[in-house]
Amino acid sequence: MAPTVRKDKGVRLSSDLVLGLYSDLLTELWEIVSALIGEAILAFLFTLSIRKLGDKHPFLHSLQVSEEGISWEKLKEDCRTIAPDEIHRGFQGLINQLSHLFSALADGVINKELFPKVFPKVKEAERIISQQ
Amino acid sequence: MRLIFKNLNVLRSTINAISTSVEIKEIVESAGNNLPHLFDFSSFGIFWKEDLLLFLYQEESCPSSFSQEAVKNMINVFSVLGEEAVDAKRVTLHIEKRKLKGKQGTMDRKATLKSHLTLPLAVEGEILGCLSVNSDQPNAFDAQDLQFLSVIGYQMAASLKHFQRFSSIKNMATYDTLTGLYNRRYFEERFEVEAQKSFHSGLPLSLVMVDIDHFKKVNDTFGHTEGDQILCKISSLLKNSVRRKDTVARYGGEEFILILPEAALQQSFVIAERIRQLVENTLFEVGRVQVNLTLSMGISNFPSHRVKSKEELIKMADQALYDAKRGGRNKVCIFTEKSSQWTVPT
């Protein structure tokens with residue numbers, strides 16, 4: 001099945017594009033945070049967040065996270081039929097939830113490292129999506 | 001650079017100490033001894049979910065309000081991570097005070113928790129607890145502290161997981177899964193120790209073999225689930241009717257065995273008779289009906305019965321139990337050379 005597209009403003013925004021944006025973002029987040037707290041704890045936090053958000057954004061259950069990292073194959077396959085907006089909201093929720101957990105665990109230590117590198121990209125992703 | 005090497009060395013010895021620890025307290029102590037060389041903190045805590053234990057190592061001048069705040073924070077963070085609320089009242093707190101702030105430094109009596117690092121102790125996707133370093137200073141910790149703590153936390157989680165597995169294997173080898181009493185394997189081990197002690201010292205040792213009368217009827221009439229519940233209730237009665245130093249074990253099926261160290265024949269008869277009467281006077285609920293049950297018991301004793309081995313003591317208790325059954329059940333019999341008697345010994 002072809003990727004879902006939105007043509008309301010004459011610009012095509014595919015699920016693949018949104019997924020690509022968040023895939024880069026989360027990969028970078030993984031690299032930064034795993035260096036601080038280790039892969040085992042980070043994988044645990046990802047799983048916890050996905051479980052929490054899974055009811056609202058079921059496609060997140062297709063995101064496979066282990067100590068080895070994030071595997072995107074299944075998600076990319078499953079997301080082809082999902083609207084880009086929904087993918088965006090799901091990942092936005094995931095990043096917010098992770099950020100909330102990082103604050104609860106380590107005050108601002110993790111977010112201080114994360115903010116300069118990752119959050120401008122979150123804003124950029126939000127900007128791209130909102131312009132469509 | 002020299003500081004980094006120093007810290008790495010401390011980290012290495014901390015990990016070594018944790019990985020060679022075999023008891024939870026030892027694991028916590030290993031971390032508690034080494035962490036002050038890596039961080040400046042006011043308290044360091046470990047919460048162990050399984051037993052609801054919270055160990056807190058803290059600066060000796062730490063006010064109790066700070067400790068309470070640190071405990072509350074750890075439990076809150078764990079509740080978020082573990083997705084389950086933890087009742088703080090049920091948590092057993094172990095506090096150890098140490099001089100952490102150097103010779104001159106003391107904490108203000110009104111000090112409050114200003115910063116912390118708390119990490120889950122997670123292994124294979126399972127959360128075992130959490131560990132935390134706390135400070136009365138704002139922004140006391142940085143990214144490097146977090147890295148060190150995560151390495152220690154990872155090792156600690158792995159060691160605690162080993163400890164948990166080991167405990168569970170040890171439990172399986174020690175306890176009867178249905179009743180929670182000691183199992184036959186543990187009984188053999190314990191009896192060997194107690195018999196050696198008695199044979200060597202001459203101190204008395206009694207053995208009481210217990211059997212529930214007509215238990216097969218309970219199973220046949222009400223089913224095995226109800227039968228199992230009766231076994232659990234009687235196990236609990238047995239456990240609560242003996243002294244602290246006694247051992248109660250499930251010997252098999254509906255048979256139990258009691259080791260009564262330093263109990264003379266007269267004393268062991270009194271204990272057994274009390275248990276017999278207690279069961280006789282208890283109404284057991286089976287489904288919607290209440291039933292009466294009785295016990296038969298056989299007693300053997302060293303040195304009253306001239307035994308040369310622990311096996312003989314078991315055989316004698318078994319023989320006495322057989323006599324109690326043959327004598328009409330609901331009796332306590334003491335082994336005798338010719339035949340067992342069920343009167344109070346003189």
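A: The largest pocket has a volume of about 180 Å³. This is a predicted model, in which local features need pLDDT of at least 70, side-chain atom pairs count only at pLDDT 80 or more, and totals for chains, interfaces and linings use all residues. Residues are numbered from 1 along each chain as its sequence is written, chains are lettered from A and ligands numbered from 1 in the order in which they are written, and side-chain values use heavy atoms, with hydrogens and water left out.

A pocket here is an open set of points on a 1 Å grid over the protein atoms alone, where a 1.4 Å probe fits, with protein on both sides within 12 Å along at least five of seven lines. Lining residues have an atom within 4 Å of a point. Volume is the space filled by probe spheres set on the points, which are joined across faces, edges and corners.

The lining of the largest pocket includes B:Tyr175, B:Tyr182, B:Arg190, B:Lys239 and B:Asp246. Helix H5 (184-201) and strand E7 (247-252) of chain B each supply at least two of the lining residues. Helices (H or I, at least four residues) and strands (E, at least two) are DSSP runs, numbered from the N terminus. By class, this lining has six nonpolar, two polar and four charged residues.

Now the second largest pocket. Its volume is about 150 Å³. Of its 13 lining residues, the closest to the centre are A:Ile37, A:Gly38, A:Glu39, B:Ser150 and B:Tyr154. Helix H1 (15-37) and helix H2 (39-53) of chain A give two or more residues each, as does helix H4 (143-174) of chain B. H1(A) gives the largest share, four residues. The classes are eight nonpolar, three polar and two charged.

Next, the contact between the chains. Chain A brings 19 residues and chain B brings 21 (contact: heavy atoms within 4.5 Å). The buried area is about 1,700 Å², with 66% from carbon and sulfur atoms (accessible area, 1.4 Å probe, lost on being put together, summed over both parts). In chain A, A:Ile41, A:Phe44 and A:Leu105 lose the most area to chain B, together 33% of what that side buries.

H1, H2, helix H4 (84-106) and helix H5 (109-131) of chain A each supply at least two residues of the side that touches chain B. H2(A) gives the most, six residues. By class, this side of chain A has 14 nonpolar, one polar and four charged residues.

Notes:
Ala, Val, Leu, Ile, Met, Phe, Trp, Tyr, Cys and Pro count as nonpolar, Asp, Glu, Lys and Arg as charged, and the others, Gly among them, as polar. Buried area is the accessible area (1.4 Å probe) that two parts lose on being put together, summed over both.
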